[in-house]
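Let's walk through this one together, from the overall surface down to individual side-chain pairs. Have the viewer open as you read.

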Amino acid sequence: MMRPSPAPLLAICLALAAGLTSSAVSALDSDRNAPIQVEADRLDLDDRAGTAVYTGDVRIQQGSMILTGNRVEIQRNDQGELSMATATGERAYLEQKPSPEEPVVKGWGRKVVYHVAERRIELIDQAELHKANDTFDGAYLEYFLDRRVVQARSSADGVDGTQRIRMTLEPENQSNQ
């Protein structure tokens, strides 16, 4: 079996580090300084295009941020910073802790797209979002980490048919009870 040269692997690791450690990405200050851990069965890197495609039970973690899928594609901008991460699979997954005082936000879908600069998550096809004790389900869910905004749709491009939107909102704890 032919092993890939360490130079391209080092380049993508440095690109991931540059992108994931920018202040726009990390919800927690500790995330910014955490090591990036990537596990996959295969990596296909295109430095000129600014893409890296990981396949085979992919898991990427930095601090509180975890992204998993059967396939994860990382795209960099012209400055070499991570601009978008797209995970696909039967149950692609993303989680991140928005701030120290908030619980972890968890999202699933057949496709999960993380728009780094906007801190926006798209969950597509059999989408599911857990935010504290509140849950949202549908064909398409969009969540803005900083603004705490959820948008849901029963249909979306690339989704066969419709998937009704369902949500469960837990009442705030009441101290009088």
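**A walk through the chain**

The chain exposes about 10,200 Å², with carbon and sulfur atoms supplying 46% of it (Shrake-Rupley areas, 1.4 Å probe; for residues, only the protein chains shown count as cover). Keep in mind that this is a predicted model: local features need pLDDT of at least 70 and side-chain atom pairs count only at pLDDT 80 or more, while totals for chains, interfaces and linings use all residues. Residues are numbered from 1 along each chain as its sequence is written, and side-chain values use heavy atoms, with hydrogens and water left out.

The chain has 2 helices and 10 strands, running α-α-β-β-β-β-β-β-β-β-β-β from the N terminus. Helices (H or I, at least four residues) and strands (E, at least two) are DSSP runs, numbered from the N terminus. Of the 177 residues, 44% are buried; buried means under 20% relative accessible area, exposed over 50%, and partly exposed in between (1.4 Å probe, protein chains only).

Now for the inside. The largest nonpolar core has 25 residues, and Leu67, Val72 and Ile74 are among those with the most contacts inside it. Such a core is a set of buried Ala, Val, Leu, Ile, Met, Phe, Trp, Tyr and Cys residues joined through side-chain atoms within 4.5 Å. Strands E3 (51-62), E4 (65-76), E5, E6, E7 (120-131) and E8 (134-144) each supply at least two of its residues, and E5 gives the most, with 5. A second, separate core of 6 residues includes Ile124, Tyr140, Ala156 and Val159.

There is 1 aromatic pair, made by tyrosine 93 and tryptophan 108: tilted, 5.1 Å centre to centre, with 40 degrees between the planes. (Rings of Phe, Tyr and Trp, the last by its six-membered ring, pair if their centres lie within 6.5 Å; planes under 30 degrees apart are stacked, over 60 edge-to-face, the rest tilted.) Tyrosine 93 sits in E5 (residues 82-96) and tryptophan 108 in E6 (residues 105-115), so the pair ties together parts 15 residues apart in sequence.

What about charges? The structure holds 11 salt bridges, each a side-chain nitrogen of Lys or Arg within 4 Å of a carboxyl oxygen of Asp or Glu. Arginine 110 pairs with glutamate 90, closest N and O atoms 3.1 Å apart, linking E6 to E5 across 20 residues. Aspartate 146 bridges to arginine 119 at 2.8 Å; arginine 119 counts as buried at 4% relative accessibility. Finally, Glu118, Arg120, Glu122 and Glu142 are linked in a network of salt bridges.
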